[in-house]
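Welcome! Please take a moment with the sequence and the 3D view below, and then we will walk through them together.

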Amino acid sequence: MSRLNRNLQDEGFCAVGSVWFLCFSFLFLSSFTADLYAATRVRSGLIVLYDFASTSGLIVKDRSGVGKPIDLKITNPDSVRRMEGSLEILEETLIRSPKPASRLNASIRISGEITIEAWLRPSNISQKGPARIVSLSQNGSQRNFTLGQDGDKYDVRLRTSKTSSNGIPSVSSGGKILTPELTHVVYTRDRTGRTRIYINGEMNVEKTVRGATTQWPGSYHLALANEHSKGRPWLGTYYLVALYGRDLLPNEVVQNYEVGPKVDKPINKVATQQSESDSDDVFVTHIAPMLARHCLECHNADSSKGKLDLSSKEAAFAGSKNGTVLAPGKSSESVFWEVVESDDMPDERPPLSSQEKKMLKEWIDSGADWTLEVIDPSDYDLDQKAGENWVQRLTVEEYIETVRSAVGVDIEKEAKEVLPADIRADGFSNTSYNLNVDLGHIEAFAKLAAIIVKQMDVETFASKFSKSRKFTDDDMGKLVSNMGKWLLRGPLEEHEVIVFRGISTTVAGAGGSFEEAVGLIIEAMLQSPRFLYRIENQRGDGTPWPIGDYEMASRLSYILWGGPPDQKLMAVADAGELYDRTAIGKQIRRMLKDPRARKRSARFVSEWLDLERLSNLDPSSDLFPNWDSRLADDMRDETLAFFEEVVWIQERPISDLLNAQLTFATARLASHYGLEVRGEGFERYDLSNVPSRGGILTQGSVLTVGGNEASMVTRGLFVLKDILRGKVKNPPADLDTTPVPTEPGFSHRRIAEARIADTSCGGCHSKFEPLAFGLEKFDGVGAYHEKDAHGNSLREDGEILFPNQQKPVSYDTAATLMNLLAESDRVRETITWKLTQFALGRPLVASDAPILDKIHKSAQKEGGTYVDLISAIVRSDLVQMTPTEKTF
């Protein structure tokens, strides 16, 4: 081991193979709760709120409804005048929390972000000190933060690792901005140190206050109108004071300004006061999922066993053949409760648990408030926890594109050789919970980092971020900060700069060169979690928060491009403009014109239809002696070329993928399909006069999902789950699922019809096998036949029952079936769900459904193209907001 390597190891860097792997740790937290207040004041991230509603008494109540209230006590009541909605400070006094504001301290210390908001009227413009308006401090020289008045300016002191214990240097508003008028003052600071002061909804000043808040003392009390040690009094009138554990975005500051100082009452109880008996919450979060799990298999719109349909409010309250199903307020008169309580229902399924029964009875007795028009069982296919969006590792494809975009090195060949393949889960290989990292990944990333650096001109790359070649802390710190911001897709925190800079210190001490130092720093960055993962802040108060600018930039670029933000997008993030939907719209339009957008969309269709499956396609040589293995590649390329033509060149609605009358084929594939052979390369074919072909379901890439036997079970399940977003129970574990072979007199359809007629099988098979009847004339490798190998005539007519519909729709040809699918809003909804799942990198759950409905309607209103849909997804709260874990 070289002296340089030994020194690096001594400094805390650990060797993996022949290269160095920088060890980091980080916290991943995520959850989701709904915003419980009306669309008035911003609630997410709120910690304390004083609206001064009381007209008497010594206590100023914290009315945030978040956690344990941080109430304040007035030490000299004769010095104040209380009126409803205001507190006037007439002479020196102190209003403080009797105990340390631990929850406030902890929340800001953890998040590193803060917003101080006040509606106030200063008594005059001569108060100095600065006079304390709001202060979390101990005395005149020890504080975590203070909003004060210094003559005709507002002054804010914030303690960080880069400022003094007194919060010096402070940030002040522009001079002569303070007047003895009613004023809305807001101070915000994000984790990168970007600090802003707003006056009456308009930004007055923006500066940078670097450093971390992690060392905040937790023993400080909160105070209004003075310092705890006295001597810094403020005189004036308070109308509202609010403190947040995050930085409000500019549009949110404007929102609060436009609302004014009046605080509306909450529409629901909040936080610890929220009542579990709230009927809306109970039905949506408990009763509807319960019905979906236990009842809708038999009692839905299409089956209605016992003439009972529990999938919609109207049908459920209409009753059944046995009488009144649900009697609101009277469980004893409800047939539904009677059969559930006695365990007669669910039939041939495990009964409801005692807790579920208790909840159901209480819901009926409380009025059976049914708040959804329709319960779609597919919305409840996964537990709510499946939608928790934990940190996402880059997929292999995203890693390759990220390296190419960030440092200009094409690492595709090496990455695909050494990185473990990403495994599909819930239909996609970018599903975050399945993107694990094992020793194989660690070794591969370390090896790749070394290869990448060897292919780089390190000094030229470094010169983009700093012209200095000195080893001083300041010079290397600047290089690390600027280079790290680009490679790691956002500003570095102080401790990160120190860690990376430490590599150069060690290299210099070992006599190494500047190039060696920078190369090792880049290697370390390429292996750090911030490069390999898409890491976002998830620490908060348990409610959804608006996502930060740099996090939004990464979401945009990885959703639209499958790679990192470019310089233009980073510049918009630097300017703090990605909160603005107009600015986001401009970036979306720009980015969708980039070739990477087409490549990313092709990745989506490949994942959705599982086209990678074709790489392992190996049909039976006995059944298909003329099979050419190159046909599998042709089929995959056919679908991708077809997708690009329909989606990008013709800009048609994405649902036209189901029936567009065109395709692309090589000579091999054209001959296989029975089309005219035109040339060896890919040729475009007009299928207007070829009734057997048209749309993705008639292409070999999809038809081969049925295997050698062209299984109607497998094909039908594909249509049900991936085209119609339908749901069916899994077969019993001991069931023999070996396909039944055809024979003279028994085609695949005849065999399927026999299964459907069987009472032990038909309940499930009737939901999906008829969906494949229109595809019977296509064999296991996608070739078209009028008769099978036994001379059985094949058919293409049938019926399709769309989920949540009562009556099936007949079709007489495969072409008619394709038109029904292309025109179905259910199919369009499925595509919305599929593309959104791919964009988010996580399964979708019931709580996402209302937003998905908005996305779907918005996209369809615009035309239903891929561009319309992906734009609606990016503009939605599923991308614009992030769930937070309640950490304070």
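Predicted model: local features only at pLDDT ≥ 70, side-chain atom pairs only at ≥ 80, totals over all residues.

The protein chain has a mean pLDDT of 89, and 93% of its residues reach 70 or more. Over residues 1–8, however, the pLDDT is below 50, and this stretch has 17 contacts in the model beyond near neighbours in sequence. Residues 266–280 also stay under 50 in pLDDT, and for them the model has 28 contacts beyond four places in sequence.

Now step back and look at the whole chain. You will find 30 helices and 28 strands in it. Along the principal axes, its C-alpha atoms fill a box of roughly 100 × 80 × 45 Å. The radius of gyration is 32 Å, which agrees with the value near 29 Å that a compact globule of 888 residues would have. Of these 888 residues, 54% count as buried.

What about the surface and the charges? The protein chain exposes about 37,900 Å², with carbon and sulfur atoms supplying 49% of it. There are 106 positive and 124 negative side chains, and the centres of the two sets lie 7 Å apart.

For a look at the interior, turn to helix α26, which spans residues 814–822. Its buried residues are A814, L817, M818, L820, L821 and A822.

Next, visit the loop between α6 (335–341) and α7 (354–365), where D347 has its place. P346 is found in this loop too, and a cis peptide bond with omega of about 5° joins M345 to P346. D347 counts as partly exposed because its relative accessibility is 35%. From D347 to G387 is 40 residues in sequence and 30 Å in space, C-alpha to C-alpha.

Another cis peptide bond, between I168 and P169, has omega of about 5°; P169 sits in the loop between β12 (153–158) and β13 (171–172).

Finally, which backbone angle stands out at N200? Although N200 is not a glycine, it has a positive phi of about 50°. N200 lies in the loop between β15 (194–199) and β16 (202–208), and is partly exposed, with a relative accessible area of 28%. D610 is not a glycine either, yet has a positive phi of about 55°. Look for D610 in the loop between α19 (595–608) and α20 (630–649).

Key: Residues numbered from 1 in each chain as written. Heavy atoms only, no water. pLDDT = per-residue confidence, 0-100. Contact = heavy atoms within 4.5 Å. Helix = DSSP H or I, 4+ residues; strand = E, 2+ residues; numbered from the N terminus. Rg over C-alpha atoms; globule rule 2.2 N^0.38 Å. Buried < 20%, exposed > 50% of the residue type's maximum accessible area, 1.4 Å probe, protein only. Areas by Shrake-Rupley, 256 points an atom, 1.4 Å probe, with all protein chains shown as cover. Lys, Arg positive; Asp, Glu negative; His and termini not counted. Charge placed at Lys NZ, Arg CZ, Asp CG, Glu CD.
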